[in-house]
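Have the sequence and the 3D view open as you read.

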Amino acid sequence: MSDLTTPSVADSAGDDLAASTSDASLRRTEARSIEIEAQIARDPSGFRVMTGDRPTGNLHIGHYFGSLANRVRIQDAGVETFILIADYQVITDRDGTGPIHERVLSMMADYLAIGLDPSRTTIYAHSAVPALNQLLLPFLSLVTDAELRRNPTVKAELEATGDRPMSGLLLTYPVHQAADILFCKANLVPVGKDQLPHLEQTRVVARRFDERYGRANPDRPVFPQAEALLSKAPVVLGLDGTKMSKSKGNVIEIGMDADTTAKLIKKAVTDSDRHISYDPENRPEVSNLVMLTALCTGREPVEIAESIGDGGGGGLKKLVTEAVNEFFAPIRARRAELAGDPGYLMDVLRTGNAHANEVGDATLAEVRAAMNMVY
Ligand code: TRP
């Protein structure tokens, strides 16, 4: 099964990748995530979590409720956590790095403001960890061009770039992402659904590496089989009821001030029915604002909608503005303080990079030993 020249291997891996996004597989992953949560509550020591973000813009409240809050919760439960600022992924689908320095520091300010704690969580950047990047070389030998081209997330990203041709990095970045996960031997990766094909690719790479090079010690694979952890949090949509995305201008950033937040919410899309109800199916825009209020206040969406009653879009917007601004006020205050001290943010990054390098160097040493390349 380990020989890539056997077409059936590549084919079955391609099926794995396609299968990882099927409904049945998604339900299995969701069910497994619930089990893993229970395991974390019992004993967090069996897990090493790794996840990350592309520094392409400021983090927004959709990121917060969808994934960032979850990371803090897992960190606070006692799980060792690695958070990657994925700077090399910025250039998968764009020309140049843009204002990367500012974005990396801004992301660091967001991370620390929401409660990621650098004394417990390692925060680092791709470009600062050579051993991580070197893993890409042996890993690329374990995948075929055909299976890379089938990755549904890469396909969607290519389509989103319009007429751009596929770059070598866009095609292969899921393998680089396997290196992100495996350089620290993470076994748990909190991600959204769109990342599941990359998780499957990571497991394929880990398995094939051990099939080829781990035979000397088959009971102790070099790499773990990493699992996805899907969050139960509802998706927060943008202020127009579609996916929250900077390019659509429908985003409330974590670091925005209260007035800007109020102005943006004033322009949010609602509908013509003055009676507010929570009905995500038929009233996605109104229901999204109700849900956002619920997330910020801990109240139930249906109860919030009833309390607004015939107050209409105006009543709803007033409530959601107060809720968002109140919830994020302490985070924003901390963020402003942190943003005013770039030297500190850079120190945290350098410390994280140094730790990531220690971990990555140890993994690369094992990889080279397994490949008989220690000279
Ligand atoms: N691709 C992820 C995203 O766009 C970011 C990322 C990079 C990541 N490396 C990772 C996520 C490793 C999980 C694990 O959101």
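How many salt bridges does the rule find across the interface of domain 1 and domain 2? The rule, a side-chain nitrogen of Lys or Arg within 4 Å of a carboxyl oxygen of Asp or Glu, finds one. R335 forms a salt bridge with D110, and their closest N and O atoms are 2.4 Å apart.

Before going further, please note that this is a predicted model, in which local features need pLDDT of at least 70, side-chain atom pairs count only at pLDDT 80 or more, and totals for chains, interfaces and linings use all residues. Residues are numbered from 1 along each chain as its sequence is written, and side-chain values use heavy atoms, with hydrogens and water left out.

**The two domains**

Domain 1 covers 7–233 + 341–370 and domain 2 covers 246–339, with bounds from an automatic or database domain assignment. Their C-alpha centres lie 31 Å apart. In contact (heavy atoms within 4.5 Å) are 18 residues of domain 1 and 17 residues of domain 2.

The area buried between the domains is about 1,500 Å², with 69% of it given by carbon and sulfur atoms; this is the accessible area (1.4 Å probe) that two parts lose on being put together, summed over both. In domain 1, I61, F65 and A113 lose the most area to domain 2, together 39% of what that side buries.

Eight residue pairs, both at pLDDT 80 or more, are in polar contact between the domains. Such a contact is a pair of N or O atoms within 3.5 Å; within protein, one must be able to donate a hydrogen and the other to accept it, and residues adjacent in sequence count only if both atoms are side-chain atoms.

**The ligand**

Now to the ligand: 13 residues surround it, the closest being R54, Q89, Q177, D180 and Q195, where a residue counts if one of its heavy atoms lies within 4 Å. Here are some side-chain distances.

| Residue | Ligand atom | Distance |
|---|---|---|
| R54 | oxygen | 3.4 Å |
| Q89 | nitrogen | 2.9 Å |
| Q195 | nitrogen | 3.0 Å |
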